[in-house]
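Hi,

Here is the structure I said I would pass on to you.

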Amino acid sequence: MEELRERPGPPWRRWVERTGRGPAWRSALLVAVFAQIGAGWAAHAQSGRVPLDGFARLLLLLGPALLVVRHRHPVAVAYGVSVVTLVYVGAGYPYGPVFLSLALACFAAVVAGHRRAAWGAVCLLWAGHLLIGHWLYRWLPPVGDGPTPWAQELGIAAWVLAVLAVAELVRVRREQWARERAGRAAAERRRVDEERMRIARELHDVLAHSISVINVQAGVGLALLDSDPEQARTALATIKAASKEALGEVRQVLDTLRSPGEAPRSPAPGLDRLPELVEQAAAAGLTVDVSAGGGARPLAPGVDLAAFRILQEALTNVMRHSGSRTARIRLTWQPHALELRVDDDGPATGAASDGSGNGLVGMRERAAALGGTVEAGPRPDGGFRVVARLPLRTDSFDGHDGHDGFKEAL
């Protein structure tokens with residue numbers, strides 16, 4: 001999972017992602033301090049405006065005070081700060097950092113998704129400023145003030161549009177990064193689910209086959225315990241060997257869980273172990289005839305494992321659900337695929353053999369994961385047939401020849 005761990009981005013990205021999530025009072029306090037100090041400098045530079053008094057200082061504090069709750073109530077704060085700023089301008093106080101509170105309030109509203117509220121608050125201030133600067137200035141302080149130059153109005157409009165544009169950019173980037181994180185999380189969940197299914201299939205195939213062999217041999221041993229002790233001893237030896245093999249394969253699967261980043265201690269089973277599978281079936285009383293056609297070629301490890309497990313599950317189903325004591329395996333090497341066919345002559349015993357069991361579902365999942373198919377169902381002349389087609393992927397294998405072992409079984 002190391003490659004899926006979130007890597008820290010550049011400082012500006014971390015700032016954008018944290019915007020609107022940290023404590024609001026810190027930035028509000030910083031704005032309040034800057035507004036108080038900056039307004040004093042602006043008052044010295046703008047001698048024609050009304051000097052700062054207690055009411056002006058209160059307004060410069062009220063705007064940042066509203067910013068404290070801007071994350072919880074972004075719409076109300078945007079309009080509230082706009083009204084406070086408009087009162088400050090209408091009172092004739094000097095222009096300056098008072099607009100910073102409005103910029104931060106609108107920024108928070110846009111990032112929170114309330115774009116209309118941000119635009120509404122800005123339009124309210126701009127409309128009010130136009131009204132004050134070109135009509136109400138006759139009755140509002142400072143005395144003798146004239147109309148506001150249109151160049152100043154255009155400058156304010158440009159400043160407002162720049163603030164809103166930056167806010168929109170931050171919002172879009174945050175949404176994009178949120179979608180990327182959600183996509184990575186969904187991919188990780190899919191990988192975990194696929195790994196869980198893979199382990200479940202492995203455990204099912206290992207345990208179902210071994211326990212079926214153990215069950216058959218246990219029945220043989222109990223039946224012959226008194227009449228043929230030597231044959232019963234052979235059955236017990238088969239049980240011991242099958243249980244030992246099952247424990248080894250289960251331990252291998254569990255080792256991959258304990259050490260997910262390490263290579264397995266023993267190679268995964270493949271068609272080279274087909275002779276062992278045939279011997280186990282013979283020990284359980286099932287005669288298996290193996291034949292092959294076409295030119296055998298090396299298999300990729302995943303295809304090799306899937307082929308072995310499909311044959312293992314098919315023979316297990318014959319032992320568990322068929323009255324026949326013989327089975328036939330046919331391996332056909334086609335130009336781009338390996339076809340596996342397992343036939344038995346039936347009849348079915350116990351559970352219905354309609355091709356809908358859990359083991360057959362596992363076969364289909366294994367084949368589908370490699371781009372192959374599995375077809376299973378009763379034969380027209382009786383019995384049951386499983387046909388699997390697995391693609392030959394010879395572009396990435398480790399030199400393991402999956403055909404060497406089954407040649408010995410022919």
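This is a predicted model: local features need pLDDT of at least 70, side-chain atom pairs count only at pLDDT 80 or more; totals for chains, interfaces and linings use all residues.

**Helices that cross**

The helices α4 and α5 cross with a left-handed sense. Here α4 covers residues 74-90 and α5 covers residues 98-111, and their axes come within 9 Å, crossing at roughly 160°. That makes the two helices, α4 and α5, roughly antiparallel, since an angle over 145 degrees counts that way. If you want to find the contact on screen, look on the α4 side for Pro74, Val77, Ala78, Val81, Ser82, Thr85, Tyr88 and Val89. On the α5 side, pick out Val98, Phe99, Ser101, Leu102, Ala105, Ala108 and Ala109. Sorted by type, the residues of this contact between α4 and α5 come out as 12 nonpolar, 3 polar and no charged.

An α-helix has 3.6 residues a turn, so residues three or four places apart point the same way.

Helix α5 also meets α2, which is residues 24-45: the axes of α2 and α5 come within 9 Å and cross at roughly 160°. So α2 is roughly antiparallel to α5. Which hand does the crossing of α2 and α5 have? It is right-handed. Ser27, Val31 and Phe34 of α2 make this contact with Leu100, Ser101 and Leu104 of α5. The residues in the contact of α2 with α5 divide into 4 nonpolar and 2 polar, with no charged ones.

**The whole protein**

The protein has 12 helices and 5 strands, and 43% of its 410 residues are buried. Take the contacts with a separation of 6 or more: 75% of them are between residues 24 or more positions apart.

**The sheet**

Now for the strands. What order do they take in the sheet? The sheet is open, has 5 strands with mixed pairing, and reads β1-β2-β3-β5-β4. At the edges you'll find β1 (287-293) and β4 (373-378), each with a single partner strand, so one side of each has no neighbour in the sheet. On average, neighbouring strands of this sheet are turned by 10° against each other, ignoring direction.

Strands β1 and β2 (residues 326-333) run parallel and are joined by 7 bridges.

Just after α9 comes Gly285, with a positive phi of about 90°.

Helix α10 (residues 301-321) lies across β1, β2, β3 (337-344), β4 and β5 (384-391). Compared with β3, helix α10 runs at about 10°.

Cheers

Methods
Residues are numbered from 1 along each chain as its sequence is written. Side-chain values use heavy atoms; hydrogens and water are left out. Two strands pair if DSSP finds at least two bridges between them. Helices (H or I, at least four residues) and strands (E, at least two) are DSSP runs, numbered from the N terminus. Axes are lines fitted to C-alpha atoms, for helices over the stretch in contact, and angles run from 0 to 180 degrees between N-to-C directions. Contact means heavy atoms within 4.5 Å. Angles under 35 degrees count as roughly parallel, over 145 as roughly antiparallel, 65 to 115 as roughly perpendicular and the rest as oblique. A crossing is left-handed if the near helix is turned anticlockwise from the far one by less than a right angle, and right-handed if clockwise. Ala, Val, Leu, Ile, Met, Phe, Trp, Tyr, Cys and Pro count as nonpolar, Asp, Glu, Lys and Arg as charged, and the others, Gly among them, as polar. Buried means under 20% relative accessible area, exposed over 50%, partly exposed in between (1.4 Å probe, protein chains only).
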